[in-house]
Amino acid sequence: MAERDRTSLLGLLLDHYEEMTGHLARRLGSLCLAEDVVQDTYLRLRSLSALPDIDNPRSYLYRMADNIALDRMRAESRRGRRFAPAELGLDQPLDEPDAETTLEHKQRLERLSSALAELPPRCREVFLLHKFDGLSHADIAARLGISRSMVEKHVMKALAHCRDRLAL
C-alpha cells in the first residue's frame with residue numbers, strides 16, 4: 001500500500017478518534033484504556049511495513065483496534081494476580097514483589113524518566129498532564145491554548161518515543 005494510503009488511514013484514525021475511543025471505552029470499561037488502545041492502533045499502523053488492499057478503511061481501523069483491545073484483555077487475564085500457596089492458608093494476594101521484580105521496575109522507571117526528559121518541553125508537558133494528571137485531551141487543549149488535535153499528536157509522539165526507548 002502506498003505511503004499516501006497509510007497517511008489517509010492515520011488521518012481517518014484521527015478523524016474518528018472520539019468515536020473509536022467511546023466504542024472501546026464501552027468494551028473495556030475504561031476511557032483511559034480505550035485511549036491507550038487507540039494510540040496503540042496509531043503506532044501499529046505507523047509501524048506496518050506493508051498494508052493490504054483495504055475495501056473499507058474505517059472497518060479496518062475498528063477491527064485493528066478491537067484486536068488490540070482483545071490482546072490487552074487476554075494479557076491481563078493471563079497475568080492475573082499472584083497468590084501465596086493455598087496449603088499455607090494464605091489465600092491473599094502477595095502485596096510485595098520479589099527483589100528481582102522490584103529492581104526491574106526501578107530500572108524501567110529510570111529508562112522512562114530518561115525518555116521523558118528527551119521529549120520537547122511542550123510534548124512532555126502534554127503527555128504528563130494526560131497520563132499522570134489524568135486530564136482529558138479537551139482539558140489539556142483548553143489549559144495550554146492549543147488544539148485538541150495537537151494534544152493528540154503530542155501524546156502519540158510521546159508514546160511512540162517512550163515505547164521505542166523502553167524496548168531497548
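Trainee: What share of the 168 residues of the protein chain counts as buried?

Mentor: Of those 168 residues, 35% count as buried. Keep in mind that this is a predicted model. As for the surface, the protein chain exposes about 10700 Å², and carbon and sulfur atoms supply 51% of that area.

Trainee: How many helices and how many strands does the protein chain have?

Mentor: The protein chain has eight helices and zero strands. Read from the N terminus on, the order of elements is α-α-α-α-α-α-α-α.

Trainee: What percentage of contacts between residues at least 6 apart in sequence join residues at least 24 apart?

Mentor: In the protein chain, that figure is 60%.

Trainee: Now the helices. What describes two packed helices?

Mentor: Two values are used: the angle between the axes and the distance between them. Take helix α5, residues 99-118, and helix α8, residues 148-166: their axes come within 9 Å and cross at roughly 135°. An angle of that kind makes α5 oblique to α8. The residues in contact are Arg 108, Arg 111, Leu 112, Ala 115, Leu 116 and Glu 118 on the α5 side, and His 161, Cys 162, Arg 165 and Leu 166 on the α8 side. The crossing in which α5 passes α8 is right-handed.

Trainee: At what angle do helix α3 and α8 pack?

Mentor: Helix α3, residues 31-47, packs with α8 at about 70°, and the axes are 10 Å apart. Angles from 65 to 115 degrees count as roughly perpendicular, so α3 and α8 are roughly perpendicular to each other. Here, too, there is a handedness to note: α3 passes α8 in a right-handed crossing.

Trainee: Which residues of α3 and α8 meet?

Mentor: From α3 come Gln 39, Asp 40, Tyr 42 and Leu 43. Their partners in α8 are Val 155, Met 156, Leu 159, Ala 160 and Arg 163.

Trainee: Last, the rings. How is a pair of aromatic rings described?

Mentor: By the distance of the centres and the angle of the planes. The structure holds one aromatic pair. Its members are Phe 127 and Phe 132, with 6.4 Å from centre to centre and 75° between the planes. Planes over 60 degrees apart count as edge-to-face, so the pair of Phe 127 and Phe 132 is edge-to-face.

Trainee: Is Phe 127 buried or exposed, and is Phe 132 buried or exposed?

Mentor: Check the relative accessible area of each residue. Buried means under 20%, so Phe 127, at 6%, is buried. Exposed means over 50%, so Phe 132, at 54%, is exposed.

Key: Residues numbered from 1 in each chain as written. Predicted model: local features only at pLDDT ≥ 70, side-chain atom pairs only at ≥ 80, totals over all residues. Heavy atoms only, no water. Phe/Tyr/Trp six-rings, centres within 6.5 Å; stacked < 30°, edge-to-face > 60°. Buried < 20%, exposed > 50% of the residue type's maximum accessible area, 1.4 Å probe, protein only. Helix = DSSP H or I, 4+ residues; strand = E, 2+ residues; numbered from the N terminus. Contact = heavy atoms within 4.5 Å. Areas by Shrake-Rupley, 256 points an atom, 1.4 Å probe, with all protein chains shown as cover. Axes fitted to C-alpha atoms, helices over the stretch in contact; angles between N-to-C directions. Parallel < 35°, antiparallel > 145°, perpendicular 65-115°, else oblique. Left-handed = near helix turned anticlockwise from the far one by under 90°.
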